[in-house]
Amino acid sequence: MTTTVPVTAETVAAAQRRTRRVLMIGQVLAGLGMGSTLSIGAILAAQISGSPAFSGMAATMSTLGAALAAVPLARLARRSGRAPALATGAVTAALGAVLAMVSAGVSNFPLLLLGVLLIGTGTAVNLQSRFAAADLAAPATRGRDLSLVVWATTVGAVSGPNLIGPGESLGALLGLPELSGPFLFTVLAQCLAAALYLVGLRPDPLALAAAWQEEQDRATAAEAARSGVAAPPTAAMSEDRVGIRLALLSIALSHATMVAVMAMTPVHLTDHGASLVIVGFTISLHIAGMYALSPLFGILSDRLGRRPTILLGQGMLLASLVMTGFGAESEGWVVAGLIFLGLGWSASTVAGSALLTESAAPARRPIVQGRSDLLMSGSGAIGGALAGPLLAGLGYSGLSFVTMALVGIVLAALLVSPRGVRPAIRG
């Protein structure tokens, strides 16, 4: 993975602006494709399997697909660059949508599960896009640049479910099996995203970042030689392992907290007589909390620091769990709690991702980032799986109180973990 583009500060700045725009458009496309298919996938799973008990398998397989794809895509990025990795993931998701359409026609449940598993690769692409936005970012704006790509998810996440109706109409017009039409949008959106990555991410941000870091290391060594002092360790060889562990922990447990409570909220509300309108409104506000204010948290992480912003995120998660725990019988408190749940997730994920990026040695960043995405998706899957039995045994309040332990672990790690001593990496 090399670049032939002359490496200067101006080249890097221009490439970063282009990379950020491409990734934001890619996030919108991916969201438009994913938003409708995950909803329709649950309905299709229940219809093909013949039992509503299997409707949750769509979300489970999608999450599993994202987890399984995280490290392979990261290794591909390290070897060949961001563009091939992101494009490969998008094409894989498109293939999954095709398989899901075929499964609807032949009523094959295992084929549907395989299709949704591959569609989950699109989620892995979305997660790695935020790290791609940080490859060339200056340290002073790394959190902001990363958060803008996260924010772009809002458009697709909100608009995607509204494509179910038009997708069904288009599918009927083309003579496709019932419930398969919305997957057409996934195929189209993911193929467009793949082409966008391959064409727009030139020069490749990861390759250019490596070349720029080498140039800076050479300049540092030359300056040290002129001054007659020992050259410091090169940035490519230095790493803040404490920062990496803290970032991995905060991202994974914040995601587990969010998924556990969010996944059980519709069940709790409907069991207590809430209308589907209230349920939909609550989840919409929660999603808005997750993405809409992410640029604010990116700016805060740049100005206040990564750890203080993670601490702010954990504080909001704790406030959310207090609201849902003590206010479980009140729709108003549950709605407020879900908003804070999204905000806390956003602050912790944005700041944690920025901390992870700058703590890892440049040569190892893609692999470390891939492991983070694996842990994030895996912890979300575990959190969602355990939330059901906790809700059944302890109720919604009990689920909220038990989940506080995850927030407590992150808070304890923030308080006791020393700051890293590795040399700063110039952006």
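**Exercise 1.** Determine what share of the contacts between residues at least 6 apart in sequence join residues at least 24 apart in the protein chain.

*Solution.* Consider the contacts in the protein chain between residues at least 6 apart in sequence; 83% of them join residues at least 24 apart. This value belongs to a predicted model. As for secondary structure, the chain has 15 helices and zero strands.

**Exercise 2.** State how confident the predictor is in the protein chain, and locate a stretch where the pLDDT is below 50.

*Solution.* Next, turn to residues 421-427, where the pLDDT is below 50. In the model this stretch has 25 contacts beyond near neighbours in sequence. Where pLDDT is low, the predicted coordinates should not be read in detail.

**Exercise 3.** Describe how helix α10 and helix α15 meet.

*Solution.* First, identify the helices: α10 covers residues 241-271 and α15 covers residues 365-416. Their axes come within 4 Å and cross at roughly 35°. The crossing of α10 past α15 is right-handed. Finally, sort the residues of this contact: 26 are nonpolar, 12 are polar and none is charged.

**Exercise 4.** Decide whether S377 is buried or exposed, and name the residues that it touches.

*Solution.* Locate the residue first: S377 lies in helix α15. Its relative accessible area is 5%. A residue under 20% counts as buried, so S377 is buried. Leaving aside residues up to four places away in sequence, S377 touches T63, A66, A67 and L127. Across the chain, buried residues make up 53% of the 427 residues.

Methods: Residues numbered from 1 in each chain as written. Predicted model: local features only at pLDDT ≥ 70, side-chain atom pairs only at ≥ 80, totals over all residues. Heavy atoms only, no water. Axes fitted to C-alpha atoms, helices over the stretch in contact; angles between N-to-C directions. Helix = DSSP H or I, 4+ residues; strand = E, 2+ residues; numbered from the N terminus. Left-handed = near helix turned anticlockwise from the far one by under 90°. Nonpolar A, V, L, I, M, F, W, Y, C, P; charged D, E, K, R; others polar. pLDDT = per-residue confidence, 0-100. Contact = heavy atoms within 4.5 Å. Buried < 20%, exposed > 50% of the residue type's maximum accessible area, 1.4 Å probe, protein only.
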